[in-house]
Amino acid sequence: MCPSLQRQLLPTGLPVLPGLRLAAGCLLAEADETAGGDWFDAVPLPGGRVALVVGDVVGRGVPASATMAQLRAVVQDRLDETGEVLPALAAADRLATRLPAAHAATVCIVVLTPGDGALVCGSAGHPPPLVTGGGRARYLPVPASGPLGTHATYTTTADRLGGDEVVLLYSDGIIERPGRDPGEATAEFARVTTEAVADAEPGTSAVERACTRTLDRLVRATGTADDIALLGAQRVAPAGPLRLHLPADVSVVRVARGELTRWLEELAVGEDDQFALLHAVNELVTNAVEHSHPDSLGGTVSVTGTLDDTGVVHIEVADDGSWHERSWPASVEVRREQGLGLAMTSQFVDRLDFDRGAGGTTATIHHRLVRPARLVSAGDVAGGRATAGGPAEMTLIVEQPHAPSSRIAVHGPLDVTSSDQFARELEALTMGYSHPLTVDLTAVTHFASAAIAVLHRATTRDHRNGTALRLYAPVGSPAHHVLSLVDLPHTTVDPHRPA
């Protein structure tokens, strides 16, 4: 298992930025007492630039990890303040002169401008970055310098990253592998990385292959005696803005979700952020249709999205109608359900703003995008990658031969267009909520507030009748995430399969 302390001190992911694709791979020691001080960071800078950082603290265990965290914070703070390599190196060097545990730590910083590929690189005793693409590889000619805290003089070198190239920063664990001398290991690292970048595979980027395949192949061949950190970047064509203008009808909810999915995939948004944004926009579009044009009298709903230079996505959902409360039966149960969608939306994203005026209502989402970094232990490097998918329409699978009692499985999206059908099926299969039923929600891909309202009503009636409506949603599934968010009781262990 990867050491918990070092894992907690490393960044949870990498920013999603216009014109750039970032990736990281980090192999950590097997136990906390052997954990090292390798770290990586990607810091967005003004003008769309990004600073790539990889460092290595001397020593092992908790002291090395704690020192790493301090150096990482100092470097990040100075990059935020100045956007330049040398002030960040100088700040880290000053800390190393005051903090004995940071003495002789190494760090490399590269500032990359995506538009023209300009690179500015500085190093404090750290191995030079590797640039590879088009079947060729080269190490950046970084001036030699001493590590931090040694009174060294630091300078920078300028270079340029081609449109088909990847720049890769790394810690020396990838070079100092068992059975390899430094020269042999350096050449092998360049060769394997170049092959990984050139070996195109659908669904993966060159920089992702540089970080994952290189780590897997080299460690599988020789093992490793140290932590390894890899951080890479490549230039890509910036994705354009999202612009949708749709009729104010419930049928457009899935259209909006499909277009948003394509846009987020073009941005290479991580699965967690994609899940959050799809659910949030789904709720806002549904809300706009139901409340601004309840009778669907020719109104429109627009969805626009942009990604700024700091990695924050801004998505607006606007209507041209006036706010109308729908006519509901005057029950406490239904009143509690009103507004559930907006409450869920605010939970999914960093910030949600509303502007209601005479010309309509605009809801704006602000959310910082992060792609997860790959943090593994030596035993995990050959592991596979899970894929996600699902049908475009909701499907109920009623025949469950392995279940000793009544059970159904739901596949696909539970949204505003399928929630009525879902409610009717539950009513029929439970014989008016007088018969027990297990509902398997494992394969639900989207869980809208309309479906949550159905389940709230169903469980309320179920409790009144003393029957058993049991919801099953395993940990990690979209259904578990949403049901936990709204505090709807469910089980995460399949009640009809052996543990």
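In the predicted model, Val110 stands opposite Cys121 of strand S6. This position belongs to the antiparallel pairing of strand S5 (residues 106-112) with S6, which extends over six bridges. The two strands form a hairpin in which five residues lie between S5 and S6. Within the turn, Gly117 adopts a positive phi of about 80 degrees. Strand S6 (residues 118-124) is mostly covered, with five of its seven residues buried. Besides its pairing with S5, S6 is joined by five bridges to strand S9 (residues 156-160), and these two strands also run antiparallel. In this second pairing, Gly122 is placed opposite Thr156 of S9.

A further sheet is formed by four strands in the order S19-S20-S21-S22; this sheet is open and its pairing is mixed. Its edges are strand S19 (395-397) and strand S22 (469-472), each of which pairs on one side only. On average, and with direction ignored, neighbouring strands of the sheet are turned by 20 degrees against each other. Strand S20 (residues 407-414) pairs with strand S21 (residues 437-447) in the parallel sense, over seven bridges. Ile408 is found opposite Val439 of S21.

Aromatic contacts were examined next. A pair of aromatic rings is described by the distance of the centres and the angle of the planes. The count comes to three aromatic pairs. Tyr170 lies in strand S10 (residues 166-170) and Phe189 in helix H4 (residues 182-198), so the pair ties together parts of the chain that are 19 residues apart in sequence. Tyr170 counts as buried because its relative accessibility is 3%, under the limit of 20%. Phe189, with a relative accessible area of 0%, is likewise buried.

Another pair is that of Phe275 and Phe348; the ring centres are 5.9 Å apart and the planes stand at 80 degrees, so this pair is edge-to-face. Phe275 belongs to helix H7 (residues 271-292) and Phe348 to helix H9 (residues 340-348), so that distant parts of the chain, 73 residues apart, are linked by the pair. Both Phe275 and Phe348 are buried.

Tyr170 and Phe189 also take part, together with Tyr139, in one aromatic cluster.

Ser419 is located in helix H10 (residues 419-429). The relative accessible area of Ser419 is 4%, so this residue is classed as buried. When neighbours within four places in sequence are left aside, Ser419 is in contact with Ala450, Ala451 and Val454.

How values were computed:
Residues numbered from 1 in each chain as written. Predicted model: local features only at pLDDT ≥ 70, side-chain atom pairs only at ≥ 80, totals over all residues. Heavy atoms only, no water. Pairing = 2+ DSSP bridges. Axes fitted to C-alpha atoms, helices over the stretch in contact; angles between N-to-C directions. Phe/Tyr/Trp six-rings, centres within 6.5 Å; stacked < 30°, edge-to-face > 60°. Buried < 20%, exposed > 50% of the residue type's maximum accessible area, 1.4 Å probe, protein only. Contact = heavy atoms within 4.5 Å.
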